[in-house]
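Dear colleague,

Please read them with the model open beside you.

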Amino acid sequence: MADIDSNQIQNKSQKENFVSRRKLGELLIESGLLTVDKLRDALEVQKREGKRLGEILIQMRIISEEEMAFALAMQLKIPFIDLRDHTIENDVIDSIPKEVCQKFVCIPVAINNNILDVTMADPLNLNLMKDLQFITGYSIQPAISTPSQIIDKLQKHYHPEKSITDVADEFVGDSGIEFLSEEKEEQMIEEEQDLESLKDSPFIKMVDLVIRNAIKQGASDIHIEAQENQVRVRNRIDGVLQDSIKLPKWTQPIIISRIKVLAGLNIAERRLPQDGRIKVKAKNMSVDLRVSTLPTYFGEKAVIRILNKEVASLALEQLGFGEKNLEILRNFIKRPQGMVLITGPTGSGKTSTLYACMQEITSEEVNIITVEDPVEFELAGINQVQINEKVGLTFPFVLRSILRQDPNVIMLGEIRDEETAEIAIQSSMTGHLVLSTLHTNDAPAAITRLLDIGIPPYLIASSVIGVVAQRLVRTICPECKEEYLPTRDSLARLNLDQDDLPFKFYRGAGCKNCNNIGFKGRTVLDEIMVMGPKIRELIQSSATGDTLREAAMAMGMTTLGISGMEKIETGMTAIEEVLKAVHEKEELTTVCRHCGKNVSLDFRDCPFCKKPIIPTCGSCKRIAQPDWVVCPYCGNSLRPES
């Protein structure tokens, strides 16, 4: 009862102090922070909006948060606490529940006997102090701090990752980047101007920093993901997602809105996915960004695809093709007509190979037209058409139109249906070189895919001149490359034994150059099937994919498995990378008839004894049956020399 009486007396004295305090406007004028004219303007706004004078002054940017908090401290005769240099014990902060601190923007700073010192953004809220007294059991001694300082302190305590201010501070001293967005709808211009007026805002700096860091690290995508208690930012580097930073949950809508404004999207629409583009220009950099937003359970997620023109300008020899396959591919794209298909799953570098092929053949004498969805890179000297299905600009419609544009080379982003495939094949048979992509696991499967679409076998056999299958694997960082012994499980998938290894294995130990990952950059595993007479004959007879594969290997096709083993043997990549890329074929094994060891079916020669696994003629290299005495193709004797 005594405690209740003392609390009532304390609250009564606080009310008396509040009644007898000097007016806020007078204090601000006396301290030189406010003029009479500015006060008069603010009071007029206060009459219209009904807000507190302090809120109006901050809203009108007449005084800052810190200045207002200090003036309120003088008016109420309570301490002003600058939390930026103030250390608070963890057990003190935990004395008030997290939800209460976040809801009322307050934080406890000290406990002395039975008194809890609490600094808050709104010390005029007497009901708040009553609630805090009831929740904690302490007598509450109020103080005042700015809302941003309180929120930042709470974030550092409950989520010790980098706060928004810390992240923004890292941007200081870095050269700025300029965003040139696509055309925007008129209703978005006002929101954009509001955001652009906050050039020094930590949110603006933070978004700029996230994009710039991703570009510097060579990332292909930025993922900004809303989670239950935080916002996670991840970068896809060399095909693998890596954590970048984690931000407070309350920053998520502001970050997404900033990205939407830059991309010319509707910031008011949060229920539907949206797509947009951004152009980025800096001192020595020009990058296109493709933005996609998606509503998720905890808020909108944004993915930013980084389309770096430097990557698009890579030459064929820089992609990682083997010398033999590189020469074959160059012969393909020098043909006056025919179809060349690039196959592989999503993210296997098909588009980069297509662009490198077009740059190889670009000249003043060649008319190249591309049909893409969307156009990823702008290439000089090439006519690029972007699909727009909303207005009827589909792949078949554009293909029919560009045939009247006198093209020499047609690049088709992807063959998706029978109609597109038929027009592309007809184009390749009427004096045009057609380059396109398919989603298949290997080169022979591309033929099976075209048959499944509905293309007659005779058209495929007479139009396709070659199929390139590829995968991307990470290359070992040259700065921290070291020799090591793989585990027995990894070697078993390659049918190798730790006690009898045919060559040395390497890995990256991790260093500053590769951000302690062990890998830096990527290279191609390649498989090229040349459409020779035997392959065409098998296609016309509707042969299976396995039959086509065996025939292609007999004709000298280097499979993905062999290409991977060559990259491992030269120390370019690690065994785990190759197993991830071509794992579906590594379990198929056979026994070498020379040394008796298990080897992969993909291998043409045994890695242990270097003798051919598939019997071939020593002269023409074609498949030979075990009981043949002479090669029926070239007449070479197949009997072993005595």
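Strand β2 (residues 115-120) and strand β3 (residues 139-144) pair in the parallel sense over six bridges, where two strands count as paired if DSSP finds at least two bridges between them, and where strands (E, at least two residues) and helices (H or I, at least four) are DSSP runs numbered from the N terminus. The model is a predicted one, in which local features need pLDDT of at least 70 and side-chain atom pairs count only at pLDDT 80 or more, while totals for chains, interfaces and linings use all residues. Residues are numbered from 1 along each chain as its sequence is written, and side-chain values rest on heavy atoms, with hydrogens and water left out.

β1 and β2 make a hairpin with two residues between them, and Asn-113 in the turn has a positive phi of about 55°. Taken together, the three strands form an open sheet of mixed pairing in the order β1-β2-β3. The edge strands are β1 and β3, each of which pairs on one side only, and the twist averages 30° from one strand to the next, with axes being lines fitted to C-alpha atoms (for helices over the stretch in contact) and angles running from 0 to 180 degrees between N-to-C directions. Because five of its six residues are buried, β2 is largely enclosed by the rest of the structure; buried means under 20% relative accessible area, exposed over 50%, and partly exposed in between (1.4 Å probe, protein chains only).

As for the aromatic rings, a search of the whole structure finds three pairs, the criterion being that ring centres of Phe, Tyr and Trp (its six-membered ring) lie within 6.5 Å, with planes under 30 degrees apart counted as stacked, over 60 as edge-to-face and the rest as tilted. Among them, Tyr-297 and Phe-298 are edge-to-face, at 5.0 Å centre to centre and 85° between the planes; Tyr-297 is exposed at 76% relative accessible area, whereas Phe-298 is partly exposed at 36%. Phe-503 and Phe-505 form a tilted pair, at 5.0 Å and 40°, and here Phe-503 is buried at 13% relative accessibility, as is Phe-505 at 2%.

The charged end of Lys-481 sits over the ring of Tyr-506, 4.9 Å from its centre, which requires NZ of Lys or CZ of Arg to be within 6 Å of the ring centre and within 35 degrees of the ring normal.

Finally, the count of disulfides (pairs of cysteine sulfur atoms within 2.5 Å) comes to zero. The sulfur of Cys-480 has its closest cysteine sulfur in Cys-511, at 3.7 Å, which is too far for a bond. Cys-480 is buried at 9% relative accessibility, and Cys-631 is buried at 3%.

Best regards
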